[in-house]
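Here is a short briefing on a structure. It starts with a term, then goes topic by topic.

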Amino acid sequence: MAKDWTLVIKPEKGLLDIDLKGIWRYRDLWYMYVRRDIVTVYKQTILGPLWFFIQPIFTTVMYMFVFGGLAGISTDGVPQPLFYLSGIMLWNYFSECFNGASNTFSANAGIFGKVYFPRLVVPLASLTSNLVKMLIQLLLFAAVYVYYVVIGGPVSINAAALLFPVLVLMLALHALSWGLVVSSLTSKYRDLRYLVGFGLQLFMYATPIIYPLSAAGDKFRWALELNPLTPIFEAFKYGFLGAGSLSWNGLIYSAVFMAVMLFFSVIIFNRVERNFMDTV
Amino acid sequence: MGDVAIQFDHVGKLYRLGLVGTGTLSHDLNRWWQTKVLHHEDPYLKVGETNDRAHKGNSDYVWALKDITFDVKEGEVVGIIGKNGAGKSTLLKLLSRVTSPTTGTIRARGRIASLLEVGTGFHGEMTGRENIFMNGSILGMTRAEINRKLDDIVEFAGVERYIDTPVKRYSSGMTVRLGFAVAAFLDPEILVVDEVLAVGDAEFQKKAIGKMQDVSSSEGRTVLFVSHNMGAIRNLCHRGIILEDGCLVGDGDVYEVVDRYLESSRQAVREGFDFGSRDVNGKKAYFEGFSIISGKGDEGNVISFSKGFDCELVVRSRSSVNITARVAVFDLSDNRIMAFDTADIGEIIHLSAGERKTLHCHVEEPLFIRPGHYKVNISIRQGGYLLDHIVGAASFEIEEEDFYGFGRFSSSDMPLVLRHHTWTTE
């Protein structure tokens, strides 16, 4: 019987068989998830959307006090608020995307057990809603930036700032691929969840966020350069603040690392997606 | 009707029993080594047993579904019945792609939507309206589609007033109604429904069954329906499928299949009630035995359709009491058909302490109720207060006979009560 089946469900499927068509068909669900993530943040709050600004402002002030003041870590001549704010903004984006993706299975077990839709919609929506949040925070960054330009502070923008969309995309895909791996593995091996919690925190200190790469002595510099996020943060600071460094080799290394991780994470995610409900 | 809409081709689903967690890594590595590297047969697939949960098996693996093969034609409404754990929900889960089969292939044509549980993915902080959009998109609708149907959905759910209130303020009934309403207005070619009718009040259940009937009959959609409610199955479906311990054991006309299923569940009742082994401590008066005595057949429990029957209740009391006794007859769907109570005819039985009495009950002929299987519950009361109560004290069969003198009719479409009657034409 040669029939025009629209759906064939088999025990095994191809390793890289991603349902892109399905994801496109469910684009409205993607949109709804993004909307939900953003709208529900300030439901029943007094300050509402202001919360998007409060967290980075307070964190910046605290970093200025602890790392800039007490510890006296250099910021490469960049005004402290701008230096910390840029790092916090990008890091928040990375870590929230990562958390969103790594909770894909555990946070949605209820829904996944009842209905089918392409599971990748959930982490993709989380990337998108976090992007919106980050762009809102970028306004804050811009405001502080303008302030320093007006008072004639030591800031200068250059052509490397045009790389911004690429840098954001790279951060998102790094977060996605790591998140998918963690999400897939925690659905069966719960131990990872505990590791990831503090692992992410430690990883922040292994990335040049509260300190410039130049402040790391020659002894540790190689280790920081192994971190695929380092070139992304450095390139951002180089483009917008004129500090840091733009390393094409570093960016290429980061991109290759990202592509390989993404490849494997999709394979793992695909496998787990099919039978996740039996193991959760 | 005509073309095949869904095809199950030797589908099986293996589940691992026990704790999934500790030791799974070594277990998984072993499995991976055996199958992918050594190209042996999967060592765990061979040892699977059928899913008879009452008996302890030798294996950690069971087949929740085993070798299921059937076709469903377009526009057919199929009821899937079976005891708890027979594999019904697993079957629907496979079809709705919540989990994937271990063996075999499922093929389908058209968009599949599943109503495995209503209100899936509701977010308490969001309003009813926002949740309609959220839930609708989870079920696969586009925003444009939902916009078009929004008014109908709100009206069907009956939540106009609350539509801009967060769902966390809804009563549980309202949440359920809203969830069902969203799902009911989906337009899939294939609809998979699992027990959604078990929720909501009577009025809403009626509405829901009505909507299901609309969907399946007038709109010519293929529906797979799982329920323990045989009435709903008979009403909605044309065809029935029985699952037992993960295997397909019956497939055919819905009336036939439902009868067969009820028949098999009757077997348990038929073994009779063991008066000897029950605990009667603390009962003032209690039953010591029950039998239907005027029946025919090996076990004395086959009753002629046009005759009556007699039964005997043996009662013992610990103290001096005045009691009334009741015999109630139920069909296999647990509808109460007849009841005979001494209280109704003003009879009160006195028992002195330690006394044992045998009560006779004579039911006059003719019975004239549908041939088939019935079961009997008995009870005794003291001034309305229940002293002893036995569910399924006995069962009997009413024998089919040539009622109208025009040959037998098939028992499946026989009404519950039959009467001789005449027709005249002018």
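Two strands count as paired if DSSP finds at least two bridges between them. That applies to the hairpin of β9(B) and β10(B), where two residues lie between the strands and B:Asp245 takes a positive phi near 50°. The model is predicted.

**Sheet of chain B**

- Six strands form an open sheet, in the order β6-β7-β8-β4-β9-β10 of chain B, with mixed pairing.
- β6 and β10 of chain B are the edge strands, and each pairs on one side only.
- On average, neighbouring strands of this sheet are turned by 15° against each other, direction ignored.
- Strand β4 (residues 77-81) of chain B pairs with strand β8 (residues 222-226) of chain B in the parallel sense, over four bridges.
- B:Val77 has B:Val223 as its bridge partner in β8(B).
- Helix α3 (residues 88-95) of chain B packs on the sheet and touches β4, β6, β7 (190-194), β8 and β9 of chain B. The direction of α3 makes about 145° with that of β8(B).
- Strands β9 (residues 239-244) and β10 (residues 247-253) of chain B run antiparallel, joined by six bridges.
- Within that pair, B:Ile242 is bridged to B:Gly250 in β10(B).

**Contact between the chains**

- Chain B puts 36 residues into the contact and chain A puts in 29 residues.
- On the side of chain B that touches chain A, the elements giving two or more residues are α1 (24-37), β5 (103-108), β6 (112-115) and α4 (128-138) of chain B.
- β5(B) gives the most to that side, with five residues.
- The residues of that side divide into 15 nonpolar, 15 polar and six charged.
- Strand β1 (residues 7-9) of chain A pairs with β5(B) in the antiparallel sense, over three bridges.
- A:Val8 has B:Arg107 as its bridge partner in β5(B).

**Nonpolar cores**

- The largest nonpolar core has 133 residues, of which A:Val121, A:Leu171 and B:Phe225 touch the most other members.
- Helix α4 (residues 80-102) of chain A supplies the largest share of this core, 13 residues.
- Another core, of 26 residues, lies apart from it and includes B:Phe309, B:Cys311, B:Leu367 and B:Ile378.
- Leaving out residues up to four places away in sequence, A:Val121 touches A:Ile23, A:Tyr26, A:Leu29, A:Trp30 and A:Tyr33.

**Helix α7 of chain A**

- Helix α7 (residues 121-150) of chain A has 30 residues.
- From first C-alpha to last, α7(A) reaches 43 Å, close to the 44 Å expected at 1.5 Å a residue.

Conventions. Residues are numbered from 1 along each chain as its sequence is written. Chains are lettered from A and ligands numbered from 1 in the order in which they are written. This is a predicted model: local features need pLDDT of at least 70, side-chain atom pairs count only at pLDDT 80 or more; totals for chains, interfaces and linings use all residues. A nonpolar core is a set of buried Ala, Val, Leu, Ile, Met, Phe, Trp, Tyr and Cys residues joined through C-beta atoms within 7 Å. A residue is buried if 20 or more other C-beta atoms lie within 10 Å of its own, exposed if 12 or fewer, and partly exposed in between; C-beta atoms are placed from the backbone. Two residues are in contact if their C-beta atoms, placed from the backbone, lie within 7 Å. The expected span of a helix is 1.5 Å times one less than its number of residues. Ala, Val, Leu, Ile, Met, Phe, Trp, Tyr, Cys and Pro count as nonpolar, Asp, Glu, Lys and Arg as charged, and the others, Gly among them, as polar. Axes are lines fitted to C-alpha atoms, for helices over the stretch in contact, and angles run from 0 to 180 degrees between N-to-C directions.
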